[in-house]
Amino acid sequence: MSNVPSLTVPSQKKRSGFTSYGSCAPLILLLTLTGSIRAAAQELEPRAYSASPIGANFLLVGIIRSSGGVVFDPTVPVTDVHADINAATLGLGRTFNLAGRQALMTAALPYAWGDISGKVAEQAQSVTRSGLADTRLKVSVNLWGTPALKPAEFFRQPPRTNIGASLSVAAPSGQYLADKLINIGTNRWAFKPEVGLSHPKGRWWLELASGVWLFASNDQFYPGESLRTQAPLFVFQAHVSYNVTRRAWAAFDATWYGGADVSVNDGPPMSRQNNTRLGGTLVLPAGARQSLKIAYSTGASTRTGSDFSTVAIAWQYLWFDRARPAATK
């Protein structure tokens with residue numbers, strides 16, 4: 001989240017003992033398109049560390065809509081902020097053998113658009129943005145539990161407890177204009193190392209994950225010459241899911257994230273987060289190789305930042321590598 005008081009705002013005037021920000025229209029939401037479209041902390045990922053057979057390939061097409069308010073620090077004269085943010089995502093994934101362990105690599109490219117409105121010092125403001133958002137990459141490895149198995153071997157094995165690790169990367173490929181306060185892209189790299197546990201109990205699964213987002217600096221922050229830095233953002237997730245059938249399951253999801261103080265031009269850190277979200281996920285088969293995923297989440301408590309309700313619908317197509325013919329002597 002961005003630090004409004006630290007910005008250099010043109011044409012500020014003193015009125016009744018406080019600073020007027022009305023001359024800078026985009027001030028209403030310098031957080032939403034960088035903190036919500038990427039949704040780094042708000043992501044809820046059930047079954048992220050459950051095992052899969054190697055040689056599996058995934059194609060995913062998803063639509064996400066987030067709508068709600070934004071909570072600013074009480075010292076900031078920004079109120080009644082509402083945002084409607086949409087994103088369409090194309091994703092690819094593949095499982096493979098890495099030193100005898102099952103590994104997964106995924107990549108996602110989102111396109112986002114949104115409308116934002118609110119009041120700055122009691123003056124109504126609004127803005128619309130659309131364009132490519134930051135590319136997302138993730139690599140995960142199963143460190144303990146189910147080894148790397150081909151499909152025929154994998155489906156003969158009973159589910160096992162797995163411990164894994166992952167690294168998520170947000171690349172600064174999204175639309176970014178240095179002279180605009182509100183942007184879809186973030187103009188910085190971000191990395192999240194994470195460890196996770198997946199434990200089956202009959203048809204039930206318990207999953208826990210803990211990670212931290214580490215942010216590079218943005219040296220072209222508004223109005224183009226400011227330096228924006230952000231402290232680490234700590235993230236914890238918990239999921240309880242139930243297998244309805246072999247390919248259909250439902251999950252209850254929860255996440256907490258905190259930290260990520262923001263500074264501009266080495267000013268005092270502000271906008272520290274301490275937020276909780278709850279949600280649910282439903283996955284249904286749609287043919288032999290296809291499935292539908294429906295997810296919903298909402299803010300349970302929000303100190304600062306986006307207090308959104310989010311609905312996501314995704315279609316996934318799965319296929320396996322063709323088996324190579326056995327070598328003949």
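Visitor: Which residues make the nonpolar surface patch?

Guide: In this predicted model, W204, L206, L208, F234, F236, V240, F252, W256 and L278 make a nonpolar surface patch of about 820 Å². Strands β10 (204-215), β13 (233-243) and β14 (249-259) each supply at least two residues of the patch.

Visitor: Why is V240 called partly exposed?

Guide: V240 is found in strand β13. Its relative accessible area is 38%. Buried means under 20% and exposed means over 50%, with partly exposed in between; V240 is therefore partly exposed. The residues of a patch need over 30% relative accessible area, and the value for V240 is 38%.

Visitor: What makes the pair of F154 and F155 edge-to-face?

Guide: The distance is 5.3 Å centre to centre, and the angle between the planes is 85°. Ring centres within 6.5 Å count as a pair, and planes over 60 degrees apart count as edge-to-face; the pair of F154 and F155 is therefore edge-to-face.

Visitor: Why is the pair of W213 and F215 called stacked?

Guide: The ring centres of W213 and F215 are 6.4 Å apart, and their planes stand at 15°. Because planes under 30 degrees apart count as stacked, this pair is stacked.

Visitor: Is F154 buried or exposed, and what is the state of F155?

Guide: F154 has a relative accessibility of 16% and counts as buried, because buried means under 20%. F155, at 48% relative accessibility, counts as partly exposed.

Visitor: Are W213 and F215 buried or exposed?

Guide: W213 is buried, with a relative accessible area of 0%, and F215 is buried, with 15%.

Visitor: How many aromatic pairs does a search of the whole structure find?

Guide: The search finds seven aromatic pairs. W315, Y317 and W319 form one aromatic cluster.

Visitor: What is the order of the three strands in the open sheet?

Guide: The order is β11-β12-β15, and the pairing is antiparallel. Strands β11 (218-221) and β15 (262-264) stand at the edges with a single partner strand each, so one side of each is left without a neighbour in the sheet. On average, neighbouring strands of this sheet are turned by 30° against each other, direction ignored.

Visitor: How do you know that β12 and β15 pair?

Guide: Two strands pair if there are at least two bridges between them. Strand β12 (residues 226-230) and β15 have three bridges, in the antiparallel sense, and therefore count as paired. The bridge partner of T229 in β15 is S263.

Technical notes: Residues numbered from 1 in each chain as written. Predicted model: local features only at pLDDT ≥ 70, side-chain atom pairs only at ≥ 80, totals over all residues. Heavy atoms only, no water. Helix = DSSP H or I, 4+ residues; strand = E, 2+ residues; numbered from the N terminus. Axes fitted to C-alpha atoms, helices over the stretch in contact; angles between N-to-C directions. Patch = residues over 30% accessible without salt bridge, like charges linked within 9 Å, V, L, I, M, F, W, Y side chains within 5 Å. Areas by Shrake-Rupley, 256 points an atom, 1.4 Å probe, with all protein chains shown as cover. Salt bridge = Lys/Arg side-chain N within 4 Å of Asp/Glu carboxyl O. Buried < 20%, exposed > 50% of the residue type's maximum accessible area, 1.4 Å probe, protein only. Phe/Tyr/Trp six-rings, centres within 6.5 Å; stacked < 30°, edge-to-face > 60°.
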